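Dear colleague,

I am passing on the structure we spoke about, and below it you will find my notes on what turned up when I went through it. Please read them with the structure open beside you.

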Amino acid sequence: MVANWVPPFAATLMPNVGGFIAHMQTQKALCWYVGLRKPKWCAPNWLFAPMWGTMYVGMGYASYLVWESCDGFNDRSLVPLGLYGTQLALNWAWTPIFFGWHKLGLATIEIGATWLAIVGCIVTFHPVSKTASYLMLPYLGWVSFASCLTFWIWRNNPSKKVD
């Protein structure tokens, strides 16, 4: 028998694993990133890691609430948790596209797809667990900001584009 704290702990830990790997890749590309033109409204570099950590915990716990409300993985949880897995994979894919490959245009398209998948999560989470859908709202807000930032950087760094 699994202790009651294990499923919510595992659900909140899982997104952070990919986030930690992304953080390591970001650290390797900071010299490149620092050299990019960024808008005045860009958040300071030190804010990104704690914000992403907070977002990962919130989304992870939201996925746990859906899983718990649906009594695990089954037909009822297939679409909401499938969308959750999709948005998480898209989230993790953005970092190597942007920081690793410096594909600013592709990163802009990719983060747009991430945003749509998050909206899908919120919509499909809501009938299952209103709290889970509400926990995804700050994440949607942060990805909205990140989407605007990604687009701005792409459009204002033509010499830095390799795509």
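Predicted model: local features only at pLDDT ≥ 70, side-chain atom pairs only at ≥ 80, totals over all residues.

Trp154 counts as partly exposed because its relative accessibility is 21%, and buried would require a value under 20%. The C-alpha atom of Trp154 is separated by 35 Å from that of Tyr64, a residue 90 positions away along the chain.

Overall fold

The chain contains seven helices and zero strands, so that, read from the N terminus, its elements run α-α-α-α-α-α-α. Along its principal axes the C-alpha trace spans about 55 × 25 × 25 Å. The radius of gyration is 17 Å, which agrees with the value near 15 Å that a compact globule of 163 residues would have. Of the 163 residues, 43% count as buried, and the accessible surface of the chain comes to about 8,800 Å², with 71% of it belonging to carbon and sulfur atoms. Among contacts with a separation of 6 or more, 78% are accounted for by residues 24 or more positions apart.

Annotated segments

The unreviewed UniProt entry carries the annotation "transmembrane region" for residues 46-67, 79-99, 106-128 and 134-154. For two of these spans I can set the model beside the record. Residues 106-128 are 87% helix and 0% strand, and the C-alpha atoms at the ends of the span lie 33 Å apart. Residues 134-154 are 95% helix and 0% strand, with the end C-alpha atoms 31 Å apart.

The nonpolar core

The largest nonpolar core has 41 residues, and the members that touch the most other members are Tyr33, Phe48, Phe98, Phe125 and Met136. At least two residues of this core come from each of helix 2 (30-34), helix 3 (45-69), helix 4 (75-100), helix 5 and helix 7 (137-155).

Gln87 is found in helix 4, and with a relative accessible area of 0% Gln87 is buried. What does the side chain of Gln87 make a polar contact with? The partner is the side chain of Tyr139, at 2.5 Å. Beyond residues up to four places away in sequence, Gln87 touches Met59, Thr114, Ala117, Ile118, Cys121, Met136 and Tyr139.

Leu88 is also found in helix 4, and Leu88 counts as buried because its relative accessibility is 3%. Apart from residues up to four places away in sequence, Leu88 touches Met14, Pro15, Tyr56 and Met59. The C-alpha atoms of Leu88 and Ala43, which are 45 residues apart along the chain, are separated by 22 Å.

Leu81 lies in helix 4 and is buried, with a relative accessible area of 14%. Once its neighbours within four places in sequence are left aside, Leu81 is in contact with Ser63, Val66, Trp67 and Phe73.

From helix 4 into helix 5

His102 lies in the loop between helix 4 and helix 5, and although His102 is not a glycine, it has a positive phi of about 60 degrees. Most residues other than glycine have a negative phi. His102 is partly exposed, with a relative accessible area of 22%.

Thr124 is found in helix 5, which covers residues 104-125. The side chain of Thr124 reaches the backbone oxygen of Gly120 at 2.9 Å. With neighbours within four places in sequence left aside, Thr124 is in contact with Val79, Pro80 and Leu83.

With best wishes

Note on methods
Residues numbered from 1 in each chain as written. Heavy atoms only, no water. Helix = DSSP H or I, 4+ residues; strand = E, 2+ residues; numbered from the N terminus. Polar contact = N/O pair within 3.5 Å; in protein donor to acceptor, adjacent residues only side chain to side chain. Contact = heavy atoms within 4.5 Å. UniProt positions renumbered as here; feature names shortened; annotations may be inferred. Core = buried A, V, L, I, M, F, W, Y, C linked by side-chain atoms within 4.5 Å. Buried < 20%, exposed > 50% of the residue type's maximum accessible area, 1.4 Å probe, protein only. Rg over C-alpha atoms; globule rule 2.2 N^0.38 Å. Areas by Shrake-Rupley, 256 points an atom, 1.4 Å probe, with all protein chains shown as cover.
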